[in-house]
Amino acid sequence: MRTKLVAGNWKMHGNFGANLTLLTRIKEAATGFAPACAVCVPFPYLAQAQSVLAGSLVAWGAQDVSEHAQGAYTGEVSAAMLVEFACRYVLVGHSERRALFGESDAVVAAKFAAALKAGLTPILCVGETLAEREAGITGAVVTRQLDAVIANLGVAALQRAVLAYEPVWAIGTGRTASPQQAQEVHALIRARVAGCAANVAQNVQILYGGSVKASNAQELFAMPDIDGGLIGGASLVAEDFLAICRAA
Ligand code: PGA
């Protein structure tokens, strides 16, 4: 039986004061939760997340990681560095990284590999743009993004990872995929993994992301192949994020 996971993606938001209030509230409320819950914060706030959340039920992580182990890569952050802050998770291949920072499928696969090698749990994000959906190639796009990782590392690598389906047209737009639209792609992703290894497909958590709110979380999470959410905007407001965790 797969458990649910709700992960917050703060993106480039936050400051020490606001973070302290948010993290403390989540930590206090999370004591009674069944679903796992995590926050992916900007690099400079990892130490703060660690100090507030250590010993609680809330995990923390980063939003990106270098594909390189170390060296002359100005501005990059390695997986080993994230481990030093006791991160459990790291997002890889978020659509904003792909679209705004030119991350190719190959780079995303290399980042995924670096995260796994360091003992982190990568959350691999996949999803189509509106143009791709309208062109009827959603399945092909998502499959290509997933296959890049499977081809590089083998399907067994997904046993130590989380997948997240995030339609680009639903991110930060207020336009959520309907539960049926999301379920359709989640089922397709799981079937693709099952084509390589049925047991891996059965166990891998597939999160939905894209304008998840307290008001739509429950119907999304009720879908058979949706195992929780990756939450952007609503993860910045403690009560909204907690309501989504409760829905899971
Ligand atoms: P959103 O972002 O919830 O603000 O749409 C989700 C994400 O980008 O992970």
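## Strands side by side

Strand β1 (residues 5–9) and strand β2 run parallel, joined by 5 bridges. This is a predicted model, so treat what follows as a reading of that prediction.

The table puts the two pairings together.

| Strand pair | Direction | Bridges |
|---|---|---|
| β1 (residues 5–9) and β2 | parallel | 5 bridges |

Why is strand β2 largely enclosed by the rest of the structure? Of its 5 residues (residues 36–40), 4 are buried, meaning under 20% relative accessible area, so the strand is largely enclosed.

Now step back to the whole chain. It contains 11 helices and 8 strands, and 53% of its 248 residues are buried. A compact globule with 248 residues would have a radius of gyration near 18 Å, and the chain's 17 Å agrees with that. Its C-alpha trace spans about 45 × 45 × 35 Å along the principal axes. Of the contacts between residues at least 6 apart in sequence, 72% join residues at least 24 apart.

Finally, the surface and the charges. The accessible surface comes to about 10,700 Å², with 56% of it belonging to carbon and sulfur atoms. The chain carries 18 positive and 19 negative side chains, and the centres of these two sets lie 4 Å apart.

How values were computed. Residues numbered from 1 in each chain as written. Predicted model: local features only at pLDDT ≥ 70, side-chain atom pairs only at ≥ 80, totals over all residues. Heavy atoms only, no water. Helix = DSSP H or I, 4+ residues; strand = E, 2+ residues; numbered from the N terminus. Rg over C-alpha atoms; globule rule 2.2 N^0.38 Å. Buried < 20%, exposed > 50% of the residue type's maximum accessible area, 1.4 Å probe, protein only. Contact = heavy atoms within 4.5 Å. Areas by Shrake-Rupley, 256 points an atom, 1.4 Å probe, with all protein chains shown as cover. Lys, Arg positive; Asp, Glu negative; His and termini not counted. Charge placed at Lys NZ, Arg CZ, Asp CG, Glu CD. Pairing = 2+ DSSP bridges.
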